[in-house]
Amino acid sequence: MNSGRIVGMALLGAMLGTAAIGATRAAEPPLKVGLLEDVSGDLAFMGMPKLHGSQLAVEEINKSGGILGRQIELIHLDPQGDNARYQEFGRRLLNRDKVDVLIGGITSASREALRPIVDRTTTPYFYTNQYEGGVCDASMVSMGAVPEQQFSTLIPWMVEKFGKKVYVIAADYNFGQISAEWNRKIMKDLGGEVVGEEFIPLGVSQFAQTIQNIQKAKPDWLLTINVGAAQDSFFEQAAAANLNLPMGSSIKIMLGFEHKRFKPPALNNMHATANWFEEIDTPEANDFKKRWHAKFPDELYINDMGYNAYNALYMYKALVEKAKSTKLEDMRKVIASGDACIDAPEGKVCIDPKSQHTSHRMRLISVGPKHEVTVEKDYGTIQPYWLGEIGCDLTKKNDKDQYTPSHLPSKS
Amino acid sequence: MSAELFSVFYQFADVFAFLILSAAGLAIVFGMMGVINMAHGEFIMCGAYVTVGLVNLGVPLPIAQILAALTAGIIGMIVEFLIVRRFYKRPLDSLLATWGLSLIVTQSMLLIVGSAVRGIGTPEGSFAIGGYTFSTYRLVLFFCAVAVLAGLYIIFMKTRFGVIARATMQNAAMAKALGARTGRIYSISFGIGTALAGLCGALYAPTMTLIPTMGATFVVESFVTVVIGGANVLLGTAPAAVFLAMIRMALNASYGQIIGQIGMLFAVILIIRVLPEGLSSVLVRRGR
């Protein structure tokens, strides 16, 4: 199988080579795109599609003439899932390589480690994952889905279909904690009950006790926001113990492709709301999948992170070309005009001026006993409205903060 | 009531099996031979990957697991011959060498096999008691752990090889003078240790996600079990696992996994503070 790193290095070498040749021909130097994605360590299986999506987009854009006539040079570093390394490599890309844009980060912990470093520069930063939402920061553009797109759709549907009692198992770091907070808030509004909440340290792989705690609490369904390969062992162990409960999640299937990694029926009855999953069957999506698999024939699954990473480069291209500038302040003027849109494989997506988060077409999917994916409901395009409603307005004020249902902007 | 009681036993057995199976190999290599094997987790990973590979080729699971353990044992003997042998008198250097080996192995697996391998699924079978359902395979793991303990005891206490091995570990020069082929003893002991690590990976392979760094999830538990077991590993490892399993199970059940993990590691700190020689020192003193 291919190694991302070797491919990355080779590609980098090739690009540096072509850049050097190009430099003698054209006066315009290439645009430098700094990319931080884990392609080794515990999250490598998720990070690999992100690298591939970025490489595919760079190749396509370069082939069709680049951005404002300039070629893109992709500089990828592998922080190996280590937040300290994210900071070190982030500084290196921003200060030494002087990249024009920084993209990447997998966990919310890595994003929050990077953000203060980005904020000290005038370089734009694209975060390409779905996440727990709430970041109100002018330097950051978020390409993935957020709770008002994922939880506000999924949780009411699960309550209506399966019942009002939910048990939560969540990874014990900012993503899991804040997502659980979202669930508490939405369940309260719906008159539901959280009968149990268990936070799992990253790296824990044994769940016999958790499974029994769940059986004791007798929930109607489970919210599974456990993260990483070790914690995913929960599904195998729950299936072996015949737990047999409906499950919902904001990160399973379209992100972790557990239905491809586990033997059926371990993921039977899992539900998720997603802006992208490989099973989307539209002409645009099929065309995109064909190009991807032509370039990366060994890809097990094109996950939403990889898809969002691909979109991020096209969004960057759109912003730069509309602004006719690579400066963050000029790009933000385009965002403020509400005109920052691209035609993505899922459909048209736009950046919301107030929060700099992206609108998405959301679908609710379910997994069957043979791990087949069915679209249960199509919500159409949902705006990332929550930050704007609670008072984040980046066109007026740069908060540089992350808000949650229990940490709202102070009224001023 | 009986359902609750069984559930407590089941949870205890589950944690106990995890501790024993992950620690057994290390008990031989670290506890007896004094080699700090930082690549212990990678031998576990090796056992898991070989098992999954063989099952995908159509080999029945139990046979695949035995072959995986043997593979890990043979690779262990090769590693002993090529690397570890040169570090018996330099324990800290052996730490560095085996750590380097572990890094090379995890990265190579990532390059060769890829970042994720499709699982094989836990063998069918679950049973219900009261309101709870349990996986039969987890009980199989418990009986395997007990069998491993019994097997180790027999090999090292009841066989001629065991006597010579223990003599070699205590005083290699004297054993050599008396005619023991100490080089071979070291090699076989290391092989047994890595085979047990491979067995751990083989047994847990169906229940887990396979990634190249999966060994890391076993390493902390295996080291703490061996360390608080103390100098006499054959005597210390089992009581250490019982002790840690009880603490972890009780805390997991009442306060969840975070407190369970913190509590277990806290207990380890206390034990090392109060009994620097580990649990086996108490047992040995009693025995005298």
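I start in chain B, where the axes of helix α2 (residues 40–56) and helix α8 (residues 182–204) come within 6 Å and cross at roughly 50 degrees. Axes here are lines fitted to C-alpha atoms, for helices over the stretch in contact, with angles from 0 to 180 degrees between N-to-C directions. Helices (H or I, at least four residues) and strands (E, at least two) are DSSP runs, numbered from the N terminus.

This is a predicted model: local features need pLDDT of at least 70, side-chain atom pairs count only at pLDDT 80 or more, and totals for chains, interfaces and linings use all residues. Residues are numbered from 1 along each chain as its sequence is written, chains are lettered from A and ligands numbered from 1 in the order in which they are written, and side-chain values use heavy atoms, with hydrogens and water left out.

Back to the helix pair. α2(B) and α8(B) are therefore oblique to each other; angles under 35 degrees count as roughly parallel, over 145 as roughly antiparallel, 65 to 115 as roughly perpendicular, and the rest as oblique. Their crossing is right-handed, that is, the near helix is turned clockwise from the far one by less than a right angle. Which residues of α2(B) meet α8(B)? They are His40(B), Phe43(B), Ile44(B), Gly47(B), Ala48(B) and Thr51(B), and among their partners in α8(B) are Thr194(B), Gly198(B) and Cys200(B); contact means heavy atoms within 4.5 Å. The contact residues divide into six nonpolar, six polar and no charged. Here Ala, Val, Leu, Ile, Met, Phe, Trp, Tyr, Cys and Pro count as nonpolar, Asp, Glu, Lys and Arg as charged, and the others, Gly among them, as polar.

The second pair in chain B is helix α1 (residues 2–32) with helix α10 (residues 233–255), whose axes come within 8 Å and cross at roughly 145 degrees. This crossing is right-handed. The residues in the contact of α1(B) with α10(B) divide into 17 nonpolar, three polar and one charged.

Now chain A, which has 13 helices and 16 strands. Its radius of gyration is 21 Å, close to the 22 Å that the globule rule gives for 412 residues, so chain A is as compact as a globular protein of that length. The radius is taken over C-alpha atoms, and the rule is 2.2 Å times the number of residues to the power 0.38.

In one open sheet of chain A, five strands run in the order β2-β1-β3-β4-β6, with parallel pairing; two strands pair if DSSP finds at least two bridges between them. The edge strands are β2 (72–77) and β6 (140–142) of chain A, and the twist averages 25 degrees from one strand to the next. Strands β3(A) and β4(A) pair over two bridges, with Ile103(A) partnered by Phe126(A) in β4(A). Helix α3 (residues 83–96) of chain A lies across β1, β2 and β3, at about 180 degrees to β1(A). Helix α4 (residues 108–119) of chain A lies across β1, β3, β4 and β6, at about 170 degrees to β4(A).

Another open sheet in chain A has seven strands in the order β8-β7-β9-β10-β11-β14-β15, with mixed pairing. β8(A) and β15(A) stand at the edges, each with a single partner strand, so one side of each is left without a neighbour in the sheet. Eight bridges join β14(A) to β15(A), which run antiparallel.
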